[in-house]
Amino acid sequence: MFLCLYNFKDFKTSLIFGTAPKRWFARTWVPLKTLRVYADGSMKGDKGAPVVLDFRSSVIRLRQVCKNEPRYVVELPMPKWVIERIKEGGDIKYAMIGLKNNELYLALVAEREVEPYQPSGYRLVVDVNSWRYGIAWGLIHNGQLVSFKQEKPNLNELLTLYYQAVKRGRKHGALMRIGLHHTTQGKRLRRQAKARRGKIYRVTRDKAYFLASKLVRKALKYKALLVIDDMTEESRRELLEEGLPRDVIKLLMSNLRRFVHQLETLAKWYGVPYEFKRLPSTVCPICRHELTQEDGRVMVCPNCGFKAPRDKVPMHWAIKEARDCSVKVRYRA
Ligand SMILES: [Zn+2]
């Protein structure tokens, strides 16, 4: 399910992705039936529905029905997003109308029924680590790691913003202690600190959305089985062990949950078969012995001599599992 929010006041749309209703969305919103009129003139839905999505003239009409006489009251331009989802075979079966932050919104809910494709033998393994080491992905085929990459936002930029925010926060705190925080300078410091924290959040959020879309497209291209290894908790522990300040850890973990959620939502929408699987990074994929970590995050097996960078160990596990899986299939055949 995808959700598109339409603000009446300034004609702005924003997107919300997901399958669970949001908190503000729960009680006070009213569901409305829709009528869809397509470019070729064909129609779907209830003829008397209060919301009409007219793809011929690219408008959304909201009508008020009084005394058996339908009268259009509001006409809004059709968001580009809706046209794109319809082209992909989606449908807007209902809309919701309600208030968000005391403003009137129309929410359009896109749905699509898709059967996941049969995987071709490729596996796209996505390891969700903290932004410190990045989200690692590997494409596996015929027992080989075909490509591998670790993706992350510009950490220097994020940390610079973070320390700038901390510095301004401290200065603001000092002014507050002597009662001068309501001055122009005090207000400016507060505003600047807030703006920098907001920017950090937006950078990681945009990266999360960008990567989720890129990886689902990659899976589609190879008809791959998408394997999601959500190791955010393990990553959080690793950062704690490194003794990083909690604020920095929060920064390095921000929007990772959103990334996983978005990856799953897009996989469902485009019919990419996926599974969640824990792939260890501290256990030997050859002999299952505990690995020891050397300098530069290199993992070594004291038992059999296996050696690999820490972020590639899960890929070795995925290769092993793909192999075990194909052996099983051969046996059955
Ligand atoms: Zn080993």
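## A tour of salt bridges and a helix pair

Start by selecting Asp-229, Glu-234, Glu-238, Arg-278, Arg-297, Arg-310 and Asp-311, which are linked in a network of salt bridges (a side-chain nitrogen of Lys or Arg within 4 Å of a carboxyl oxygen of Asp or Glu). You're looking at a predicted model, where local features need pLDDT of at least 70, side-chain atom pairs count only at pLDDT 80 or more, and totals for chains, interfaces and linings use all residues. Residues are numbered from 1 along each chain as its sequence is written, and side-chain values use heavy atoms, with hydrogens and water left out.

Searching the whole structure turns up 23 salt bridges. Next, pick Arg-61 and Glu-75: their closest N and O atoms are 2.9 Å apart. Arg-61 sits in strand β6 (residues 59–66) and Glu-75 in strand β7 (residues 69–77), 14 residues apart (strands are DSSP runs of E, at least two residues; helices are runs of H or I, at least four; both are numbered from the N terminus). Buried or exposed: which is Arg-61? Arg-61 is buried, at 15% relative accessibility, while Glu-75 is partly exposed at 48% (buried is under 20% relative accessible area, exposed over 50%, partly exposed in between, with a 1.4 Å probe and protein chains only).

Now jump to Lys-33 and Asp-46, a salt bridge with N to O at 3.5 Å. Here Lys-33 is exposed at 52%, and Asp-46 is partly exposed at 33%.

Last stop: show Thr-232, Arg-236, Leu-239 and Leu-240 in helix α4, which meet Arg-246, Ile-249, Leu-252 and Met-253 in α5 (contact means heavy atoms within 4.5 Å).
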